[in-house]
Amino acid sequence: MINYIFILIIPIFIFFIRKYIFINKPKIKLIIRLPNWIGDTLMTYPTLLALQKSGVNFLCIGHPWAKDIFSGTEIKVITSKQIKNYWWLYKTCYNLNPKYGLLFTKYLSTLLPMKAVGIKTIGNNYFSDIR
């Protein structure tokens, strides 16, 4: 009888240890898709600073030169040459699993991967959840 109780309790105990003790990393709440042009990306800097000062946990996705632009700051940027590839953006968003996505672009190729993952999007696109 006692063996059966331990068989039932041990998996539950291991689940709570993994969830609340060992895997206690901060979750990315907001993912930001940076614009495709350097000048437009520079104009997003005040918005990124305001988000950073307010304490929002966010991560930016952009072109390879975006990492160089924000290298002097504490803004986290994921870059790739495949940034315009639909499947690359889908896999990146799926792995990060944020709650919201802020789009500084107006293209469907940046909106659809986030919608496919189930992220609520904010942007100047007709199909965005919040405008």
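**Close-up 1. Asn97 in the loop between α5 and β4 (100–103).** Asn97 counts as partly exposed at 39% relative accessibility, where buried means under 20% relative accessible area, exposed means over 50%, and partly exposed lies in between (1.4 Å probe, protein chains only). Most residues other than glycine have a negative phi. Asn97, although it is not a glycine, has a positive phi of about 50°. Helices (H or I, at least four residues) and strands (E, at least two) are DSSP runs, numbered from the N terminus. The model is predicted, so local features need pLDDT of at least 70 and side-chain atom pairs count only at pLDDT 80 or more, while totals for chains, interfaces and linings use all residues. Residues are numbered from 1 along each chain as its sequence is written, and side-chain values use heavy atoms, with hydrogens and water left out.

**Close-up 2. The crossing of helix α5 (residues 86–96) and helix α6 (residues 108–117).** The axes of the two helices, which are lines fitted to C-alpha atoms over the stretch in contact, with angles running from 0 to 180 degrees between N-to-C directions, come within 9 Å and cross at roughly 40°. That makes α5 oblique to α6, a term for what remains once angles under 35 degrees are counted as roughly parallel, over 145 as roughly antiparallel and 65 to 115 as roughly perpendicular. In α5, Tyr86, Leu89, Tyr90, Cys93 and Tyr94 meet residues of α6 that include Leu112, Pro113 and Met114, contact meaning heavy atoms within 4.5 Å.

**Close-up 3. The buried and exposed faces of α5.** The buried residues of this helix are Trp88, Leu89, Thr92 and Cys93. They cover an arc of only 125° around the axis, which puts them on the same side of α5; the arc is that of the directions from the helix axis to the C-beta atoms. What covers these buried residues includes β1 (30–33), β2 (58–62), β3 (77–79) and α6, whereas the face turned away from the buried side carries the exposed residues Trp87, Lys91, Tyr94 and Asn95.

**Close-up 4. Trp37 and His63, 26 residues apart along the chain.** Trp37 lies in the loop between β1 and α2 (38–43) and is exposed, with a relative accessible area of 60%. His63, in the loop between β2 and α4 (64–69), is buried, with a relative accessible area of 12%. The C-alpha atoms of Trp37 and His63 are separated by 8.9 Å. Not counting residues up to four places away in sequence, His63 touches Pro35, Asn36, Thr79, Ser80, Ile83 and Lys84.
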